[in-house]
Number of protein chains: 2
Amino acid sequence: MKSDWRVERRAQLAHAPFLQACRKEKSSHTPVWLMRQAGRYQAKYREIRAKYSMLELCQHPEEVTRVTLLPIEQFGMDAAILFSDITIPYLGMNIDFDIVPGVGPVIESPLKDEADVGRLEKFCSKEQLSFVGEAIQLLTRELKVPLIGFAGAPFTMAAYLIEGKPSKDFKNVRKFLFQQPDAWHTLMSYLTDITIDYLKMQVDAGVDALQVFDSWVGALHPRTYEEYLLPHMSRLFTALGSTGVPLIHFGTGTASLLSLMRRAGGDVIGIDWRTPLRESWDALGRECAVQGNFDPAVLFADTTRIQQEADRVLKEIGGEPGHIFNLGHGVLPGTPEDHVRFLVEYVQETTAGA
Amino acid sequence: MKSDWRVERRAQLAHAPFLQACRKEKSSHTPVWLMRQAGRYQAKYREIRAKYSMLELCQHPEEVTRVTLLPIEQFGMDAAILFSDITIPYLGMNIDFDIVPGVGPVIESPLKDEADVGRLEKFCSKEQLSFVGEAIQLLTRELKVPLIGFAGAPFTMAAYLIEGKPSKDFKNVRKFLFQQPDAWHTLMSYLTDITIDYLKMQVDAGVDALQVFDSWVGALHPRTYEEYLLPHMSRLFTALGSTGVPLIHFGTGTASLLSLMRRAGGDVIGIDWRTPLRESWDALGRECAVQGNFDPAVLFADTTRIQQEADRVLKEIGGEPGHIFNLGHGVLPGTPEDHVRFLVEYVQETTAGA
């Protein structure tokens, strides 16, 4: 039964514009979804969120399902992304941490050396993070659009573990990798294993695509990326390739890293709000799909300005297959909900049959 | 008298490698100085600093002189940079703020709108920040190498005023400029006036070069820079051009902004630790000098790795005139002093007579 139902869903989604764009196929319109499309800017989200801490909410499959569906019901995006947080695997590692409102993830005892790295626990995502699989199963029965699963990339996961909190330049991570290269590679190997297991579990549970968030990788010089990250990222994407779902590879501040990210892997490369989209696509050899680039802060301007920015982003790709419209980073708290609706509808309408 | 002494100093510095490199002239070796070369990594600095808060120390001309001279005496860099902080002009604006250890500048009441911008006070740097000029006068009598004065660029100054504290993506500044473009341009005009006045005062007092720190400008898309910053930055550099001293224009995360920064102005463009140096110089049309790019975190590795990174940076410019060796950002607290000495000596010796 379960298997039949899945086959039916796959057939239903075969012509989903989001999945077509991931494969660089022509679609009926430019698909649009927004990073953090379920979040604090929504009144309905804030109502639900008031009852739980962030970590509690992420571990509650029914509420995760409700929250994930909210933006789809409200604004009709072309894809849903599982409501969760990149820190969730830390729960399996038995790391003492919290998501502090207005700050982000805060780690009780940041990693200092090889011994600390050695103490990190191995675990099986299917068993210890089963709530994630449950939410995905609930969601795929309801959703008419593709569902994106996700995880933080090993570097970004390591960054929080070493810094202990968000940072503007991740100097402690850079110190760690230059000062203790062996401990660094041990940590990256470990996190790569964890991430492969976690994302494969999500595909087994039913997600239709995966996004790897290497959110803070822009803190590194390309040579540093090549030496300290690339082998691990290549292994990650090679392993995920066997799942058969499209892979999105996202980072911020990556203007100088794009060709290395492409070498690491990904069917779609996510571009932040700072990096020119057309130049990025050219730097990627136009061989993969692209996503992103709309500055989330523009959603605070009036609709004329929003339309202008949307037109800019669309024009830079010029309607070629392989464009997923998205912001360059998550929707910001305080963003007017009407402006999100305006943007989603504008992109879908203006690109329909173009 | 004073004028004679100055003429003599100018003559003495005519063949200073740092000033030659600023002008893209051949020099006896590749000059080297390090951003934040006077700072917490030095035992002698920590001794002095223990007696004052950061803001107190900056307002004490004799101690500023001692601290500015420390790295020159200890490590023999090719240029000194006035010990100060980019927030100093906030004192003249009558803004309630503090430099919080481990955080950075914290503004009591961040700017919200046009009315807040209108309340910012105009002032004369020569009168209200006279301690800066006094320190410069004391320093130029002692120093055998060029002295660099500096200020934050209007965007970076505005960023703290609006965010209220350091930020990893400066989302409130981006919201502000998209949502309230008129208030934004009023603020930028005001800060440009202040910065011109402040830097001209420093040249009058005796500095031999100026560095404009647009440290956080990498948070912006080039089109945002072009529309919201470029007119002000162009005015700033045009006004400073009349001083006759070389102008250094520095920012971080600027891979996509280099040609616009070049259009804004500067004899030297400063490159951070993430952006490939050779590509940057090519993007700048090799028409100006370049400075920076050595990852400050590498100073925590062993000397073999430090030498490797120094060789990489040197090789990317290949000994052409117009290269000032520097880090891509400030020396980090905890950096071994011996490693700083090693780097400075290595660069000076390995490039001598090359």
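Predicted model: local features only at pLDDT ≥ 70, side-chain atom pairs only at ≥ 80, totals over all residues.
**Entry 1: relation of the copies.** A rotation of 180° with 0.0 Å of shift along its axis superposes chain B on chain A, at an RMSD of 0.0 Å. I noted that this is the relation of a two-fold axis. Both copies use the same surface, since I found that 100% of the contact residues of chain B recur in chain A. I then looked up which residue of chain B comes closest to the rotation axis: B:Lys168, whose C-alpha lies at 2.2 Å.

**Entry 2: extent of the contact.** I recorded 36 residues from chain B and 36 residues from chain A in the contact. The area buried between the two chains is about 3,200 Å², and carbon and sulfur atoms give 60% of that area.

**Entry 3: polar and charged pairs.** I noted six salt bridges between chain B and chain A. I looked up B:Glu227, which forms a salt bridge with A:Arg305, with the closest N and O atoms 3.8 Å apart. I also recorded eight residue pairs in polar contact across the interface.

**Entry 4: make-up of the side of chain B.** I found that helices H11 (171-179), H13 (222-228) and H17 (303-317) of chain B each supply at least two residues of the side that touches chain A. H11(B) gives the most, with five residues.

Note on methods
Residues numbered from 1 in each chain as written. Chains lettered and ligands numbered in written order. Heavy atoms only, no water. Least-squares fit on C-alpha atoms with pLDDT ≥ 70 in both. Contact = heavy atoms within 4.5 Å. Buried area = accessible area lost by both parts, 1.4 Å probe. Salt bridge = Lys/Arg side-chain N within 4 Å of Asp/Glu carboxyl O. Polar contact = N/O pair within 3.5 Å; in protein donor to acceptor, adjacent residues only side chain to side chain. Helix = DSSP H or I, 4+ residues; strand = E, 2+ residues; numbered from the N terminus.
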